[in-house]
Amino acid sequence: MKKKQFCPYCQHILSTKFIENRHRQYCPQCRSPLYENPIPATAAVYFNDNREILLVKRNVDPKKGEWCLPGGFVEMEETPEQCCVRELKEETNLQGEINRLMGVYLSDSPIYKSVLVIGYLLNGVSGEIMAGDDSEEVGFFSIDRLPTIAFESHRSLINDGVKLSTNFKFGPAGNADKMHFGAYVITSMNHLEMAKMACQAGARIIQYRDKDSDKRTVLNKAKQIRDITRQYNSLFIVNDYIDIACLAQADGVHLGQDDLPIQEARMILPDHSMVGVSTHSLEQALRAQADGADYIAIGPVFPTPTKEDYRAVGLEIVEKVVWAVSIPVVAIGGLRLKNMADLTEIGISNVAMVREFQQNTGQIVKEINRRFGIK
C-alpha cells in the first residue's frame with residue numbers, strides 16, 4: 001500500500017509528526033494526524049456432514065489461483081455477520097447462518113497493508129454449490145487433504161474450526177461427540193524430526209514434551225514445531241509450559257496433576273485454547289472434566305519406564321473412564337502396537353505413546369490411524 005502524499009480532506013501536502021508514541025502522517029493545514037486503520041474482512045468456516053471444509057479458488061489477486069475460505073470485505077452500513085453470509089452466497093451460491101464467532105486475525109496485505117479478518121462458523125447451509133464472484137472453483141476438502149491455503153489468517157481459522165467442528169467420534173458416554181485423534185504423538189529425542197515425520201504420515205495431534213532442555217531451547221523448538229503442524233493442519237499441544245504454549249501460538253497445553261489448575265491456566269491462555277489433563281484414576285478424570293478440560297489422558301495403562309512413579313491403572317479403570325466422561329479420552333503408558341486390540345475393545349480411539357514413536361515414526365502413525373479408521 002503506497003504512502004499517502006496529500007491530505008484527503010484539504011489536499012495539503014502531508015508531513016510526519018510524533019503523536020501518541022509513534023510517527024504518524026500529519027496535515028499542517030488541518031492540524032490533525034491522518035489515522036489509518038486495518039480494512040475489515042470476513043471469512044466463512046463451514047464443514048459438511050462428512051467433516052469436509054468448504055473452500056474457494058480465487059480468480060483475483062492477491063493469491064490468484066490459490067484456495068481460501070469464502071469471504072470478503074465488509075461494506076458500508078453492513079455488519080460483519082451480514083458480510084460473511086453475503087460473501088458466502090456470492091462466492092459459492094450457498095446460503096447459511098452464523099453459528100458463532102471463530103476468531104479475529106490481523107493479516108498483512110500487499111494491497112491494503114493490513115486486513116482485520118473476522119471468521120465465523122456457519123451452519124444451516126443450503127443450496128446448489130457453484131463458483132461465483134472472485135472464485136473460479138468451489139469444493140469441499142478433507143482436513144488431512146487440504147490444498148495450500150492462501151492466507152495465514154485463513155489457516156488459523158481452519159485450525160480453530162478443526163478444534164470445534166471436526167475429527168469427532170461418538171463415544172460410549174452418549175452425552176457428547178469425542179475427538180478422534182488416533183495416534184496422539186508425544187515427541188522425544190529429535191523432536192523436530194519426529195514431529196515432521198508424524199505430520200507427514202497423517203498425525204492429527206502433536207504434543208511437544210521436553211523435560212531436558214532449557215526454556216530458551218524449548219521455546220525455539222516449539223515455534224519450529226508450530227510451523228510444521230500448521231503446514232499439515234495438525235493440532236499442536238505443549239506439555240506443561242503455559243508460557244511456551246502462548247509464545248509459540250500452540251493450539252493448547254497439556255497439564256499434569258501438579259501443574260496449574262485448569263481455570264487458572266485458562267486465565268493465561270488465549271481464547272479457544274485446548275487444555276488436556278493427565279489423570280491416573282476415575283476420580284481425577286471426573287474432576288478434570290468438571291473443571292473444564294477439553295480432553296484427558298488416562299494412565300499409565302500398563303507399566304512404563306517413562307512413568308515410574310505411577311502404578312499402572314489397568315484396562316478396567318480405563319474402560320470405566322471411557323464410559324464415565326463425555327470428553328475425549330487418550331490412553332497412555334506402556335502402549336505398543338501389540339496391545340492396541342485390548343484398547344479398541346473398551347472404546348478407546350486415541351492412544352499416546354513415547355517409545356513406540358521413536359523408531360519408524362511415520363509407519364507407526366499410519367498403522368495406528370489405520371486401525372482406528374483414520375484416513
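A charge sits over a ring when NZ of Lys or CZ of Arg is within 6 Å of the ring centre and within 35 degrees of the ring normal. With that in mind, select Lys215 and Tyr241, where Lys215 lies over the face of Tyr241 at 4.7 Å from the ring centre; then select Lys17, which lies over the face of Tyr26 at 4.6 Å from the ring centre.

This is a predicted model, in which local features need pLDDT of at least 70 and side-chain atom pairs count only at pLDDT 80 or more, while totals for chains, interfaces and linings use all residues. Residues are numbered from 1 along each chain as its sequence is written, and side-chain values use heavy atoms, with hydrogens and water left out.

Next, select strand β9, residues 113–126 (strands are DSSP runs of E, at least two residues, numbered from the N terminus; two strands pair if DSSP finds at least two bridges between them). Strand β8, residues 95–109, runs antiparallel to β9 and is joined to it by 12 bridges, with Arg100 having Leu121 as its bridge partner, and a hairpin of three residues links β8 to β9. Strand β4, residues 39–45, runs parallel to β9 through seven bridges, and Ile39 stands opposite Val115 there.

Finally, select Phe181, Tyr184 and Tyr295, which form one aromatic cluster (rings of Phe, Tyr and Trp, the last by its six-membered ring, pair if their centres lie within 6.5 Å; planes under 30 degrees apart count as stacked, over 60 as edge-to-face and the rest as tilted). The rings of Phe181 and Tyr295 have centres 6.0 Å apart and planes at 80°, so this pair is edge-to-face.

Technical notes
Helix = DSSP H or I, 4+ residues; strand = E, 2+ residues; numbered from the N terminus.
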